[in-house]
Amino acid sequence: MILYQAADIRSRVTQLASCKILWLDTEVADWQTPNPRLSLIQVLADPHDLTGESTYILDVLDRNDLVRYFVDQIMANSQIEKLFHNASYDLRFLDKNRAQNVTCTLKIAKKIGRDSLGVSNLQLKTLAAELCQISNIDREEQQSDWGQRPLTAKQLQYAKMDPVYLAQVHGHLVKLMKQDRPEQATVKTGETSFSVTNVSVAIECPRLFYLHQRFGGKTMFVPSDAAGIGTIFHQLCEQFVALAKQRSEFTVLLASADANVEEVAFRMQQLFYQLAFYPYMETATEMASELPTIWQGLRALIQRWAHLLVSNRRYCNFLEVISKTFIATEQRLTHAWILPDRAQQEVVGDFDGLIYDFERDRLCVVDYKTYAPADPSAQLIQVALYSYTIGQQKQVPVDAAVYCVLPEFKIREYSWEQLSETVHQLIPHKLQQMRQWLNWKPPQPDPPPPTTQSHLCEICPQQQKCQTFFASRVGTAHHPGESTTNHRQESSAQQGSAKALITTNSSAQQGSAKALTTNSSAQQGSAKALTTNSSAQQGSAKALTTNVGEQLVKILESFNIGVDYLGAAVGPAFIRVKLKPHLGVKVVSLLNRTEDLQVQLGIASRPLIKSQAGYVSVDLPRPDREVAQFSDYIQPGETLESVRIAIGVNLDGKLVEADLSDPNTCHFLVGGTTGSGKSEFLRSLLLSLLVRHSPAHLKIALVDPKRVTFPEFERMPWLYSPVVKDPDRAIELMAELVAEMEFRYQLFESASCADINAYNLKSVKQLPRIVCIFDEYADFMAEKESRTELEQSIKRLGAMARAAGIHLIVATQRPEAKVVTPIVRSNLPGRVALRTASEADSVIILGGKQTAAAYLLGKGDLLYQVGSQLQRLQSLLTQTVDLSFES
C-alpha cells in the first residue's frame with residue numbers, strides 16, 4: 001500500500017508504533033550524487049506475508065517533517081525492534097544517532113559466514129534467492145529514478161517486496177543461529193541444557209565434549225573431504241520435500257497403484273534437478289567443485305523416497321500419499337529426562353525428517369549424514385534421542401534411521417522395540433555422567449576420560465587444544481586410547497548394547513610418519529675464500545663469476561658431488577651460480593651442503609640453493625653490493641592505466657611490479673625482521689603509486705603505530721584519512737573500508753557493473769582506487785577483541801575488495817603464527833618476505849616449506865611469491881621523499 005498524503009502517513013506511523021517488530025527498507029533518489037534524498041520508507045509488520053500486499057510504502061521525498069515524525073515514533077522507540085539489511089546505509093537517512101533497538105541482518109549473516117550459509121554473497125536479494133529459494137526477484141529497478149513522480153508500477157512492486165525478502169532472510173538466519181547454538185538454551189531449573197549433538201560427541205570423546213562446553217570450538221569428527229556440504233545438502237532435502245508436496249508434477253507420478261519405482265525415481269530426480277538444483281548450480285559458483293558430490297547424494301536419497309512412496313501408494317490415494325508419507329521436515333525437539341539421581345536434564349535438537357511407512361504402520365525419524373560416521377554408536381544415540389522424544393510427544397512407537405548418503409548410500413534402521421530395550425535405558429545414565437564431567441575442574445582427580453577409539457584423534461577438530469589442556473592440568477595425562485580400566489568397563493556397560501545394534505562399524509585407521517633427518521658429516525676440503533676484494537682481484541664481473549663457479553665445482557667435488565658450471569648472473573645483492581649435477585647425483589646432496597659451502601667460501605650467510613628448470617642455482621652474496629635507487633627505475637610523470645606497485649629489481653636488472661587488479665596480487669602480506677629493509681620497501685612501494693596516479697584517482701590509507709615509517713607522507717593530498725597510529729582508530733579504519741566496499745558494490749549492482757573498471761567507464765563521477773598499507777600489524781594483535789575485529793575485516797576485504805578497487809598491504813616484523821593467523825594468510829594472496837628472524841617465520845609468510853627468507857642478506861634482499869612462483873629481488877631505495885611532482 002502506497003501512502004502519499006501526509007495525514008495518511010502520520011496516521012499509519014502512529015499505528016505502527018504499537019508493533020513489537022518491524023522490517024524496514026528505504027529507497028534513495030540521487031544516491032550516486034553528493035546530495036542523496038530519501039524517497040521512500042517501506043515498512044512490513046507481518047513476516048508471513050510473501051506477496052508484499054501488507055507492506056506500507058511511505059512517500060517522504062523532500063518531506064523532512066514526515067521523516068522526523070517517523071524517527072520520533074519508530075526509530076527512537078526502544079520498544080520496537082527495527083530490522084534492516086544494511087542498517088549502516090539506511091540509518092544515514094533515518095537519524096542514526098537517535099535510532100534504538102536496531103538489528104542488522106547483514107551483520108547476522110557475516111557472523112554465520114558466507115561459506116556456512118552457502119551463498120555467493122551477502123546482498124539481500126542474493127540471500128533471498130539462494131538461502132530462502134525465492135524466485136523471480138527483480139534486481140533492475142534499484143537503479144531507476146526514485147526522484148521521479150509518479151513512480152511506475154514496477155518501482156512500487158520492487159519497493160514493496162524488499163521488506164518481504166528481509167523478513168524471510170531474517171527468519172532463516174535466526175533459525176541457523178539457533179541450530180549453531182542449541183546448547184545455550186536453559187531449563188527452568190537453571191541447569192544448562194544439552195543438545196543432541198553434545199550427547200553424540202560425549203559418546204565419541206568425553207574430552208572433546210568437555211572442551212566444547214567450556215571453551216567452544218568445533219566438535220564434529222568430519223573427514224576433510226566431507227566438510228562444508230552438510231548444510232547445503234540438508235537445505236536441498238527440505239526443498240525436495242516442499243516441492244513434492246506443492247507441485248502436481250510429483251503427485252501425478254504416483255497416479256497408478258502399480259507405478260514402477262525406477263521410473264518414478266528417475267522422473268522425480270529430473271523434476272528436482274530442473275526446478276531446484278539447476279537454478280542453485282547457476283548461483284553457487286563457490287560450491288562448484290562440491291556440486292557433483294551433493295547431487296550424487298540427492299539422487300540416492302530421492303531413489304529411497306521413491307521406493308517408500310510407491311510402497312505407500314498401495315495403502316492410500318495418490319493425491320494424499322506424498323503428504324501422508326512426509327510428516328515433517330526439520331523441527332526442534334525438547335525433552336526433560338529424569339536421571340538416576342532424580343535430577344532433570346533437558347536435551348534439545350533438530351531432527352531432519354519424520355516419515356510414515358504404511359507397510360510397517362510405523363513412524364520413523366530420519367537423520368541425514370553426508371559422510372560415513374566415525375563412530376556409528378554415537379549416531380545411534382542421536383537418532384534414539386529423537387525417537388524417544390517424538391514417541392513421548394505422540395504416544396506412539398517411533399522407529400529411527402540414519403541415512404548415510406555419501407560416499408555411498410547406506411541405511412541403518414532401528415526399531416522402537418530394539419531402542420526401548422537397549423539405548424533408551426542407557427541415555428539417562430549417559431546424561432548424568434556428562435553432568436559429572438562438566439563439574440570437574442583442574443587440578444581435581446578423575447578428569448573426563450579420553451576417547452577409547454584412538455583413530456578419532458586423527459580427525460579431531462581440537463586435537464592440539466585437548467593435548468595441551470589436559471597434559472598441563474592432569475597429573476598423569478592419558479593418551480588417546482589409554483583410558484583407565486574403570487572407564488573402559490563403564491563404557492562397555494553403557495555402549496555394548498547399543499553397538500550390538502550396529503551392523504557396520506568404522507575401522508580405526510592408524511597413520512604413521514617417519515621423521516626425515518639429514519646428518520651432514522664434516523669433510524675436509526680446500527678452496528679459496530670469497531673475499532670482499534674479489535672484484536678487484538678478478539678485474540671484471542665475468543671473471544669474478546667464473547672464479548666463483550670454479551670454486552664451487554671444486555668444493556663440491558671434495559664431497560664426491562660432481563657438477564658442471566653453466567654460468568652465472570649478477571644481481572644488485574647476490575651472484576647466482578648455475579650448476580648442472582652429473583647423472584646420478586641427487587639434488588638433495590647439494591641442498592645438504594649449504595653449511596659446508598658457507599664455511600669453505602667464508603661468507604656470512606648460508607647460500608640459498610634451489611632446483612630450477614635444467615640446473616641448480618646457488619645464490620652467493622656479492623662482495624660489492626649495489627643499491628637499486630628508486631630514481632633509476634621510476635620517473636615522476638609516468639602514468640599507467642593499471643595500478644602497479646614496485647616490488648624489486650631482478651637478476652636481469654629489470655623492475656618487477658605487481659598489478660593490484662590481478663586476483664593473485666590484489667592484496668599483500670609483507671614480513672621482515674629488524675634490518676631487513678621492510679620500512680624502505682613499504683616507502684618505495686608507496687612512492688611508486690604516488691608518482692603515477694593523481695589524488696583524484698588514488699587514495700592511500702596508512703597505519704603506522706611506530707610513527708617512523710611514513711612521516712613525510714602525513715600531509716599529502718592522496719590520504720584517505722589521517723595517518724592512523726592507535727589500535728582503536730585502526731579498527732575503525734578497517735570497518736570504514738568494509739563499509740566503503742559494500743557501498744561500492746551497491747553502486748555496481750545499480751549500474752549493472754561487475755567491478756570498478758566497468759563502473760568508471762560508465763559513470764561520470766570516477767571512483768578512486770584505495771590502497772591501505774598497514775605497518776606493524778603485530779602491534780594490534782595483542783588484545784583478543786581487536787584481533788578478532790581486525791581479522792574479520794581483513795577476511796571480508798581480502799575476499800571481496802579487489803573488484804571494488806580496495807587493496808590491502810599488511811606488514812609485520814614478527815610474522816608469528818599467533819599474529820599472522822590462517823584467516824589473515826588465506827586472504828592475502830601476494831607475499832613478500834624480506835629477511836625473517838627464523839625459518840618458522842619464513843614458512844608463515846611464504847607457506848609450504850619455504851625457509852629461505854631466514855637466510856636473506858637484509859637491506860632490501862627479498863623473496864616475492866605469486867602462486868607457486870618465487871623470485872629473489874632487491875627492493876628499491878628511496879633516500880629522500882620529494883612530493884613536489886604532485887602539482
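Colleague: What should I know about the model before I start?
Modeller: It is a predicted model, where local features need pLDDT of at least 70, side-chain atom pairs count only at pLDDT 80 or more, and totals for chains, interfaces and linings use all residues. Residues are numbered from 1 along each chain as its sequence is written, and side-chain values use heavy atoms, with hydrogens and water left out.

Colleague: OK, sheets. In what order do the 6 strands of the open sheet come?
Modeller: The order is β1-β4-β3-β2-β5-β6, with mixed pairing. Strands pair here if DSSP finds at least two bridges between them. The strands themselves are DSSP runs (E, at least two residues), helices are H or I runs of at least four, and both are numbered from the N terminus.

Colleague: Which strands stand at the edges?
Modeller: β1 (2-3) and β6 (102-104) do, and each has a single partner strand, so one side of each has no neighbour in the sheet.

Colleague: How does β1 pair with β4?
Modeller: In the parallel sense, over 2 bridges, with β4 covering residues 56-59. Ile 2 stands opposite Ile 57 of β4.

Colleague: And which strands does helix α1 lie across?
Modeller: α1 (residues 6-16) lies across β1, β2 (21-29), β3 (37-44) and β4, and runs at about 135° to β4. Those angles run from 0 to 180 degrees between N-to-C directions, with axes fitted as lines to C-alpha atoms, for helices over the stretch in contact. Helix α4 (residues 105-112) also packs on the sheet; α4 touches β5 (81-84) and β6, and makes about 45° with the direction of β6. Contact means heavy atoms within 4.5 Å.

Colleague: Now the sheet with β13. What is its strand order?
Modeller: That open sheet has 4 strands, β13-β14-β16-β15, and the pairing is antiparallel. Its edges are β13 (563-570) and β15 (608-612), each with a single partner strand, so one side of each is left without a neighbour. On average, neighbouring strands are turned by 25° against each other, ignoring direction.

Colleague: How many bridges join β13 and β14?
Modeller: There are 7 bridges, in the antiparallel sense, and β14 is residues 574-581. Val 570 stands opposite Ile 575 in β14.

Colleague: What do β11 and β12 form?
Modeller: They form a hairpin with 5 residues between them. β11 (residues 398-404) and β12 (residues 410-414) pair in the antiparallel sense over 5 bridges. Cys 404 has Lys 410 in β12 as its bridge partner.

Colleague: Is Cys 404 buried or exposed?
Modeller: Cys 404 is buried, at 3% relative accessibility. Buried means under 20% relative accessible area, exposed means over 50%, and partly exposed is in between, using a 1.4 Å probe and protein chains only.

Colleague: How many disulfides are there in the whole structure?
Modeller: A search finds 0, where a disulfide is a pair of cysteine sulfur atoms within 2.5 Å. Take Cys 457: the nearest cysteine sulfur belongs to Cys 205 and is 6.4 Å away. Cys 457 is buried too, with a relative accessible area of 16%.

Colleague: Switching to helices. At what angle do α15 and α17 cross?
Modeller: Roughly 100°, and the axes of α15 (residues 376-394) and α17 (residues 423-438) come within 10 Å. So α15 is roughly perpendicular to α17, a label for angles of 65 to 115 degrees; under 35 is roughly parallel, over 145 roughly antiparallel and the rest oblique.

Colleague: Which residues meet there?
Modeller: Leu 380, Ile 381, Ala 384, Leu 385, Ser 387 and Tyr 388 of α15 meet Val 423, His 424 and Ile 427 of α17.

Colleague: How many residues of α8 are buried?
Modeller: In α8 (residues 196-204), 8 of the 9 residues are buried, including Val 196, Asn 198 and Glu 204.

Colleague: Last topic, the backbone. Where is the cis peptide bond?
Modeller: It joins Arg 149 and Pro 150, with omega about 0°. Pro 150 is in the loop between α6 (124-130) and α7 (153-180). Most peptide bonds are trans, and most residues other than glycine have a negative phi.

Colleague: What is phi at Asp 95 and at Asn 560?
Modeller: For Asp 95 phi is near 55°, a positive value, and for Asn 560 phi is also positive, about 60°. Asp 95 is in the loop between α3 (87-90) and β6 and is partly exposed at 32% relative accessible area. Asn 560 is in the loop between α21 (541-558) and β13 and counts as exposed, at 70% relative accessibility.
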